[in-house]
Amino acid sequence: MGLFGKILAKITGTAHASSADWAELEAALLEADLGPELADKILHAARSAKSESASQAVISTLRSTLCDKSRAMSLQVPSAILVVGVNGTGKTTSSAKLANALSANGQSVLLAAADTFRAAAVDQLLTWGERLDIDVVHGAVNADPASVAFDAAQQCLARKTDCLIVDTAGRMHTKNDLMDQLGKVKRVVEKVLPVSEILLVVDATTGQNGLTQAKVFAESVELTGIILTKVDGSAPGGIALAIEATLGIPIKWVGSGEAAADFAPFEPEAYIQSLL
Ligand code: GDP
C-alpha cells in the first residue's frame, strides 16, 4: 500500500475518524514532502467531506492539485531545449536520457556540453554521446557556456538536426551570476534557433529544498517543464505535487535510475495511484 493507503482506509467508511487518525494523516502528508500549505489543503478537503467520502475527497484534491498544462514536448523543428538546474540534481544525465528518448521517437538530436564550469560534465556528456551514438558539441573546460551553446546551435542548423539539447551550467559564484548566464545562453541560442523548452531538473530526494531551488529558477527563466530525477531513491514522492501546486509548471519527465532507459514521461494518474 502506498503512502496514503493505510490512513485513507482508516478515515473512510468509519463514522468518525479519531483525532489520532487525523494527526496520523497530517504527519504522513508532511513526511511526504508536500509542505505545510498543501498538507493543510488536503486535510481540509478530507475533513469537510462526509466520512464515507473522505478518501475520495483526498484523491480528488490530489488530482486537482496537479498542473493541468500540457505535458507534451514541443514538436517545433528545428528547436533547442535548455536543461537547467543545480549541480548534482542529474542535469547532465537527464540531458543524455532526454536525447535518447527523443532519438528513439524518431527525432535527430544533437547535444551541447555547455556545463563548462564543472570539469567532469563535458567528459560525462561525451561518454553518454558515444554510448548513445548521439553527437556532442563541446568547447574547452571553462569555455564560455554561451559560446559553446551558440556553436552547437549553428551546427544543429547546418546539419539539419531536429533538436538541440543544451546541458547548461549549474553553479556560478552567485545566484545572480547563474541566472545571468542562463539568460545569455538562451539569448545566443535564439539568434540561431527557437528555444522550444526550458526544462528544470529537480532531484526528488532533496525534498522541500528542491522546491526552493525550483522557485528561484522559475523567477528568473521561463520554465516550460520539470524533469524530476531520482524517484528511485528514498524520496516519499510528494515533492511532485508540491512543485506543481506551487509553481504551476508541469513535470514532463521522470528519472528513475542511472541508465538511459530509466527515464519516462510523467504519468499523473499512475503517480496518484502510487501515493495511495
Ligand atoms: P549534474 O551535476 O546535475 O549534471 O548531475 P549528474 O547528471 O552528474 O548526476 C549526478 C549523479 O546523480 C550521478 O551519479 C548520476 O548517475 C545520478 N543520477 C542522475 N539521475 C538519476 C536518477 O534518476 N536516479 C538515480 N538513482 N541516480 C541518478
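In this predicted model, the ligand is surrounded by 17 residues, among which Gly88, Lys91, Thr93, Asp232 and Glu258 are the closest. By residue class, this shell around the ligand is made up of ten polar residues, six charged residues and one nonpolar residue. The element that gives the most to the shell is helix H5, which spans residues 91-104 and supplies four residues.

A polar atom in the side chain of Thr93 lies 2.5 Å from a ligand oxygen atom, and an N or O atom in the side chain of Arg118 is found 3.1 Å from an oxygen atom of the ligand. The backbone also takes part, in that a polar backbone atom of Thr89 is 3.2 Å from an oxygen atom of the ligand. Taken alone, the ligand would expose 570 Å², and the protein buries 81% of that area.

At the level of the whole chain, the domain assignment gives domain 1, covering residues 3-65, and domain 2, covering residues 79-266. The centres of domain 1 and domain 2, taken over C-alpha atoms, are separated by 35 Å. The contact between them draws on nine residues from domain 1 and eleven residues from domain 2. Between them the two domains bury about 730 Å², of which 65% is on carbon and sulfur atoms. On the side of domain 1, the residues that lose the most area to domain 2 are Asp33, Leu34 and Thr65, which together account for 58% of what that side buries.

Asp33 belongs to the loop that runs between helix H2, residues 19-31, and helix H3, residues 36-48. A further backbone feature concerns the peptide bond from Val77 to Pro78, which is cis, with omega near -5°. Pro78 itself is located in the loop between helix H4, residues 54-65, and strand S1, residues 79-84.

How values were computed:
Residues numbered from 1 in each chain as written. Predicted model: local features only at pLDDT ≥ 70, side-chain atom pairs only at ≥ 80, totals over all residues. Heavy atoms only, no water. Near = heavy atom within 4 Å. Polar contact = N/O pair within 3.5 Å; in protein donor to acceptor, adjacent residues only side chain to side chain. Areas by Shrake-Rupley, 256 points an atom, 1.4 Å probe, with all protein chains shown as cover. Helix = DSSP H or I, 4+ residues; strand = E, 2+ residues; numbered from the N terminus. Nonpolar A, V, L, I, M, F, W, Y, C, P; charged D, E, K, R; others polar. Domains from an automatic or database assignment. Contact = heavy atoms within 4.5 Å. Buried area = accessible area lost by both parts, 1.4 Å probe.
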